[in-house]
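Work through the exercises below with the sequence and the coordinates at hand. Each task is followed by a solution in steps.

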Amino acid sequence: MPKESGPFDDVDESVVWIADSGLFIACGRQENNKYTALERFVHRHDITFVIPKRVYAELGGAPDRSTPGQTPINSAIDAGWVTVAADPDYTDSTVSSVMDDIRTFIATSSNRDEDQIEKADTALGAVAVDCLTNGNAEFVSVVTTDTDAGEGVVASLTANGFEDRVQFVDGFELIEEIS
């Protein structure tokens with residue numbers, strides 16, 4: 001279990017775990033020990049990872065070495081420990097503000113042009129806003145292997161009124177801890 005503090009100490013239904021593609025890419029195929037460890041972790045803690053549709057799209061292509069006809073993400077969805085979030089309301093001013101703030105944060109911290117920032121990174125924040133404002137969660141844990149994206153989501157949500165309701169969990173550290 002990642003090191004957490006405050007309301008994130010107890011994993012329960014008040015916390016939604018939002019995951020990025022990097023977590024699943026780092027785990028590899030279903031037969032990989034890291035993938036198996038991640039699946040055990042979610043079952044042991046009764047967690048379901050929520051992924052934005054953009055993340056699902058990134059993970060949707062079945063590599064030749066995957067189980068024929070089944071991508072690792074589809075196996076996780078079929079097994080019930082990953083779900084694809086509905087599209088957030090992109091016309092909601094908080095959603096668009098959070099996405100813009102994340103894009104700016106990542107561009108600044110990584111010294112890249114904002115146009116080069118992946119839309120899946122900003123979608124993590126959009127899904128978090130949706131979960132926090134629609135009563136699906138009191139808190140969100142954003143799990144990504146991209147430090148700039150994780151820190152950007154936390155900074156943006158904090159700046160937009162969700163302070164102390166979001167945490168970044170480094171996907172590489174989580175995998176190392178549970179493997």
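**Exercises on helix geometry and burial**

Just after H7, aspartate 164 takes a positive phi of about 65°. The model is a predicted one, in which local features need pLDDT of at least 70, side-chain atom pairs count only at pLDDT 80 or more, and totals for chains, interfaces and linings use all residues. Residues are numbered from 1 along each chain as its sequence is written, and side-chain values use heavy atoms, with hydrogens and water left out.

**Exercise 1.** State how many helices and strands the protein has, and in what pattern they follow one another.

*Solution.* Step 1: helices (H or I, at least four residues) and strands (E, at least two) are taken as DSSP runs, numbered from the N terminus. Step 2: the count is eight helices and five strands. Step 3: along the sequence they run β-α-α-β-α-α-β-α-α-β-α-β-α. Step 4: of the 179 residues, 46% count as buried, where buried means under 20% relative accessible area, exposed over 50%, and partly exposed in between (1.4 Å probe, protein chains only).

**Exercise 2.** Compare the span of H7 with that of a straight helix, then locate its buried residues.

*Solution.* Step 1: the expected span is 1.5 Å times one less than the number of residues. Step 3: the buried residues of H7 are Ala149, Gly150, Gly152, Val153, Ser156, Leu157 and Phe162. Step 4: viewed down the axis of H7, these residues fall within an arc of 160°, so they line one face of the helix; the arc is that of the directions from the helix axis to the C-beta atoms. Step 5: their cover includes helix H5 (93-110), helix H6 (119-133), strand S4 (139-144) and strand S5 (166-170).

**Exercise 3.** Describe H5 in the same terms: its span, its buried residues and its exposed face.

*Solution.* Step 1: the 18 residues of H5 reach 26 Å from first C-alpha to last, close to the 26 Å expected at 1.5 Å a residue. Step 2: Val95, Val98, Met99, Ile102, Ile106 and Ala107 are its buried residues. Step 3: they cover an arc of only 165° around the axis, which puts them on the same side of H5. Step 4: the face turned away from this side carries exposed Ser93 and Thr108. Step 5: the buried residues pack against H6 and H7, by contacts defined as heavy atoms within 4.5 Å.

**Exercise 4.** At what angle do H5 and H6 pack, and how far apart are their axes?

*Solution.* Step 1: axes are lines fitted to C-alpha atoms, for helices over the stretch in contact, and angles run from 0 to 180 degrees between N-to-C directions. Step 2: the angle is about 145°, with the axes 8 Å apart. Step 3: residues making the contact include Val98 and Ile102 of H5 and Ala123 and Ala126 of H6.

**Exercise 5.** Which residues cap the N-terminal ends of H5 and H7?

*Solution.* Step 1: for H5 the cap is aspartate 92, with a side-chain oxygen 2.7 Å from the backbone nitrogen of threonine 94. Step 2: for H7 the cap is aspartate 146, with a side-chain oxygen 3.0 Å from the backbone nitrogen of aspartate 148.

How values were computed: Polar contact = N/O pair within 3.5 Å; in protein donor to acceptor, adjacent residues only side chain to side chain.
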